[in-house]
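Subject: Structure handover

Hello,

Here is the structure for your work. My notes follow below it.

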Amino acid sequence: MLAIVIPYWGQSLLRVLGGTVAVLLPAGTIVYLFLFKMMSFMQSRLGPMEAGPYGSMQLFAEVGKWLQKEDIIPEKADRVIFKMAPLIVLVSTFLLVAVVPFGPDAYFTQFDAGVFYMLAVSSISVLGILVAGWSSANKYSLLGGLRAAGQLIAYELPMVLAVIGVVIQAGTMNLQTIVVAQNGGEIFGWNGLGNPYILTQFVGFGVFMIAVQAELTQAPFDMPIAESELVSGYMTEYSGFRFLIFFIAEFATAGVFSLIASVLFLGGWGIPFSWFSWHNINEIDDWMNVVGPLIMFTKMMALVFVIMWVRFTYPRFREDQLQRFAWKALIPISLLNIMATAVLKVAF
Amino acid sequence: MPMKPKVPGLFKGLGVTLNTLMTTVTKGANTVQYPHEKEAPPIRARGVIALREDNCTSCMLCARSCPDWCIYIEGHKELAPPRRAGGAPRKVNKLDRFDIDYALCMYCGICVEVCPFDALFWSPEYEYSEPRIADLLHDKDKLGEWMETVPEAPELEAGADKKGKK
């Protein structure tokens, strides 16, 4: 454990800075690497090339462009709520990252109800989206907002149920303890790899990633923002800085959800403890606080790659297909997964 | 209707995008970085319309057939010396103004096809955008300059009925 004592104000400052970095850095990287470059390559073009070497400064150009734009608020919009909505969405991202552990001591906060808190907080963004759609005084926005609400609520359920399998297996809802349990675990007495829960909870992992895809309203689940029929749905009336906040929130949330998925299923920041003959969290060397975040970042990038890969490959679900998929396929599967996990947990 | 997930097709789709990603990374994209490298358009591409002023009789056929009314023609009659000695002076139409407004033109090419005197030609030149929209109105001098970029007309097919000009 760390021997340095940081005063309370220093801790708070570090948390604020760390939180901002943990939200904005992945968001920027995801947008440049995947949205600009990967999508272009998948369409056999090069993407932005002019701003900076290989277009690496394109993001700053885009942000600069958005900041210059006029902040338009429709005449009949509910002004206060209209202005609030993007912030609600972004706040949910910041609240989510607060509970993610990045290393043995590198976490913003840690408590026993971590998984519960994470699932609860992630649904705050639904409120923001619904509010944005309602307050815009625009029928496209309203339809988009309603679709988003229906979709996000439908896919919240399989996500919760998929996580329950992990919680049963780990016997805790503390995310840090889940990471320790995975890396300190063993597979039938062999501990060379730890016991990442993707091996036992692969069904849960699949359901979780599909639900995340839908929660992020990425294609093929982008019915709420379907740009060809709803002109971006709840974001239609937003311009300039407020649209930018929605945009950042979308990709930052993709990053944060990938972080959470890697914590729950891929072993999080840890490396198998047996490699360095650690036995519990107190024996872990301090350098893991530096390596841990890097491991997390790598795993996040891998998962976001999959999310974006799926996004750029598949066409959009129809609304009824989308709901049927959640209620008739994902939820029964995850319920079965919970039952199987519970039975095996008791049996072993 | 029961839902049948087409699972092999789904993975095939992922394979297609990943393959394209790999080919783009290793072999380069299908696109070119336009201002730095240019692709030559096909020789008969419809880039800009050129005017051979000498052939124009200001008959107004092109102006009347233009769907956008983007051709402006003004002319007056002049007397020209007779073709044969002792003949009456000929009356010819002198072209005062021939403008094409490329801000309106939709490149349908009807004017080129309708011209009975071979005064209008397609040129593959395409880089003539302007900061001011009014500058897209090309007058007859500018349209005449485009004539230099017009490719040679292809040879007639063997055995074609050749109506030589007098």
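Two strands count as paired if DSSP finds at least two bridges between them. With that in mind, the bridge partner of Asp101(B) in β5(B) is Leu137(B). Please note that this is a predicted model.

Confidence

The predictor gives the complex an ipTM of 0.71 and a pTM of 0.79. Chain A averages a pLDDT of 84, and 97% of its residues score at least 70. For chain B the mean pLDDT is 86, with 93% of the residues at 70 or more. Within chain A, confidence is lowest in helix α9(A), residues 227–230, where the mean is 76. It is highest in α8(A), at 89. Where pLDDT is low, the predicted coordinates should not be read in detail.

The sheet in chain B

Three strands of chain B make an open sheet, in the order β2-β3-β5, with antiparallel pairing. β2(B), residues 71–80, and β5(B), residues 137–138, stand at the edges, and each has a single partner strand, so one side of each is left without a neighbour in the sheet.

β2(B) is joined to β3(B), residues 90–101, by ten bridges, and the two strands run antiparallel. Along this pairing, Ala80(B) has Arg90(B) of β3(B) as its bridge partner, and Ile73(B) stands opposite Phe98(B) of β3(B).

How are α8(A) and α12(A) arranged relative to each other? Helix α8(A), residues 202–215, packs with helix α12(A), residues 319–347, at an angle of about 150°, and their axes are 9 Å apart. Angles over 145 degrees count as roughly antiparallel, and α8(A) and α12(A) are therefore roughly antiparallel to each other. Their crossing is left-handed. From α8(A), the residues Val203(A), Gly204(A), Val207(A), Ile210(A) and Ala211(A) meet Leu330(A), Ile333(A), Ser334(A) and Asn337(A) of α12(A). Sorted by class, this contact of α8(A) with α12(A) holds six nonpolar and three polar residues, and no charged ones.

The other pair is α3(A), residues 79–97, and α4(A), residues 114–122, which pack at an angle of about 170° with their axes 9 Å apart. That makes α3(A) roughly antiparallel to α4(A). Here Ser92(A), Leu95(A) and Leu96(A) in α3(A) meet Met118(A), Val121(A) and Ser122(A) in α4(A). The contact of α3(A) with α4(A) divides into four nonpolar and two polar residues, with no charged residue.

Contact between the chains

How many residues does each chain give to the contact? Chain A gives 14 residues and chain B gives twelve. On the side of chain A that touches chain B, the elements that give two or more residues are α1(A), residues 8–42, α11(A), residues 288–313, and α12(A). By class, the residues on that side of chain A are eight nonpolar, four polar and two charged.

Regards

Key: Residues are numbered from 1 along each chain as its sequence is written. Chains are lettered from A and ligands numbered from 1 in the order in which they are written. This is a predicted model: local features need pLDDT of at least 70, side-chain atom pairs count only at pLDDT 80 or more; totals for chains, interfaces and linings use all residues. pLDDT is the predictor's confidence in each residue, from 0 to 100. Helices (H or I, at least four residues) and strands (E, at least two) are DSSP runs, numbered from the N terminus. Axes are lines fitted to C-alpha atoms, for helices over the stretch in contact, and angles run from 0 to 180 degrees between N-to-C directions. Angles under 35 degrees count as roughly parallel, over 145 as roughly antiparallel, 65 to 115 as roughly perpendicular and the rest as oblique. A crossing is left-handed if the near helix is turned anticlockwise from the far one by less than a right angle, and right-handed if clockwise. Two residues are in contact if their C-beta atoms, placed from the backbone, lie within 7 Å. Ala, Val, Leu, Ile, Met, Phe, Trp, Tyr, Cys and Pro count as nonpolar, Asp, Glu, Lys and Arg as charged, and the others, Gly among them, as polar.
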